[in-house]
Amino acid sequence: MKELEFQEIVQQVEKALEELNIISPQLLREKMLEALAAEDNDLAREMLSQVMENYVVAEERHLPLCQDTGMVMAKVEKGEEIRIKGGSLRQALDEAIRRAYKNNYFRKSIMSDPFFGKNTGDNTPGVYFFELEEGDELRIDLLVKGGGCDNISSLGILEPGSKPEEVERFVLRELDTKGGQACPPLIVGVGIGGNAPYALYLASRALSRPLGEANPDPRYRELEEKWREDINRLGIGPQGVGGKTTCLEVRIETYPCHIASFPVGLVCSCHVFRQKTLKW
């Protein structure tokens with residue numbers, strides 16, 4: 001049995017959330033520079049330049065990358081041989097959010113009840129997906145998403161036995177209608193299979209993959225690249241002003257499904273891609 005201290009988890013997650021909301025990863029900056037170099041739309045170039053300037057100013061002044069410091073999601077893979085000493089894992093995650101958002105004066109955006117609640121005042125609770133694994137390792141994939149990009153999430157129930165091109169048509173149709181509202185360039189997560197709620201989870205799990213990490217299955221890797229190129233052909237462009245770069249990456253996650261059903265979930269992140277993986 002492996003023991004982890006409650007406070008150690010809190011401190012590491014708190015630090016990660018602070019960094020996520022203030023510092024953009026180097027690979028994301030490189031992707032934006034590539035998009036700028038390829039762009040010939042003047043307004044799109046201006047938007048990309050402003051996005052990159054914002055990255056620099058936020059880090060230099062220790063300010064949030066976006067005023068919407070989002071809702072925190074965590075995919076947690078916990079080994080059966082791990083014990084948290086001093087509290088539960090859920091308590092540790094909420095305490096880390098509470099500290100990070102209060103100490104850094106990040107905007108608190110969470111309502112205690114959709115109809116009758118009020119602001120919780122500390123951005124808790126987060127949204128957590130726990131997966132129990134063999135062994136004594138703990139992995140937490142953090143994802144922070146603002147309301148704007150989350151609002152274009154979609155669920156499609158396609159015909160059983162649908163082909164990749166039919167799934168792509170669903171994705172393109174949804175993004176063509178709503179993609180400009182989500183502050184592109186986007187990271188696009190597509191979940192295929194399971195049942196209806198699980199397909200949306202799969203799409204969210206796809207977003208928790210670190211930036212630049214290729215799909216291990218070459219068949220899906222090829223689809224991801226094709227769909228990215230086709231999304232960019234929609235011409236939505238940075239911040240929806242038109243241009244060549246609407247999507248930086250597409251990620252696909254799949255799961256077995258019922259023979260009579262074919263669910264597809266679509267979940268996106270805006271250009272402020274806030275993801276970090278912690279391991280113990």
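This is a predicted model: local features need pLDDT of at least 70, side-chain atom pairs count only at pLDDT 80 or more; totals for chains, interfaces and linings use all residues.
Q239 is located in the loop between α8 and β8, and its phi is near 60 degrees, a positive value in a residue other than glycine. A positive phi is also found at N123, where the angle is near 70 degrees. N123 belongs to the loop between α4 and β4 and, with a relative accessible area of 0%, is buried. Most residues other than glycine have a negative phi, and most peptide bonds are trans.

The peptide bond from T124 to P125 is cis, with omega near 0 degrees, and P125 lies in the loop that runs between α4 (89-103) and β4 (127-133). The peptide bond from P184 to P185 is likewise cis, with omega near 10 degrees, and P185 is placed in the loop between α6 and β7.

Helix α8 (residues 218-232) contains 15 residues, which at 1.5 Å a residue should span 21 Å, and this agrees with the 21 Å that separates its end C-alpha atoms. Within α8, the buried residues are L223, E224, W227, D230, I231 and N232, and the buried residues of this helix pack against α6 (164-178), β7 (186-194) and β8 (247-257).

The structure holds six aromatic pairs. In the pair formed by Y198 and Y201, the ring centres are 5.2 Å apart and the planes meet at 55 degrees, so the pair is tilted. Both tyrosines belong to helix α7 (residues 196-207), where, being three residues apart, they are separated by about one helical turn. An α-helix has 3.6 residues a turn, so residues three or four places apart point the same way. Y198 is partly exposed, with a relative accessible area of 25%, whereas Y201, at 7% relative accessibility, counts as buried. Together with F129 and Y255, Y198 and Y201 form one aromatic cluster.

E14 is buried yet has no salt bridge, and the nearest side chain of opposite charge, that of R99, is 4.2 Å away, whereas a salt bridge requires a distance within 4 Å. The side chain of E14 is instead joined to that of N103 by a polar contact of 3.2 Å. When residues up to four places away in sequence are not counted, E14 touches A96, R99, A100 and N103.

Technical notes
Residues are numbered from 1 along each chain as its sequence is written. Side-chain values use heavy atoms; hydrogens and water are left out. Buried means under 20% relative accessible area, exposed over 50%, partly exposed in between (1.4 Å probe, protein chains only). Lys and Arg count as positive and Asp and Glu as negative; His and the chain ends are not counted. A polar contact is a pair of N or O atoms within 3.5 Å; within protein, one must be able to donate a hydrogen and the other to accept it, and residues adjacent in sequence count only if both atoms are side-chain atoms. Contact means heavy atoms within 4.5 Å. Rings of Phe, Tyr and Trp (its six-membered ring) pair if their centres lie within 6.5 Å; planes under 30 degrees apart count as stacked, over 60 as edge-to-face and the rest as tilted. Helices (H or I, at least four residues) and strands (E, at least two) are DSSP runs, numbered from the N terminus. The expected span of a helix is 1.5 Å times one less than its number of residues.
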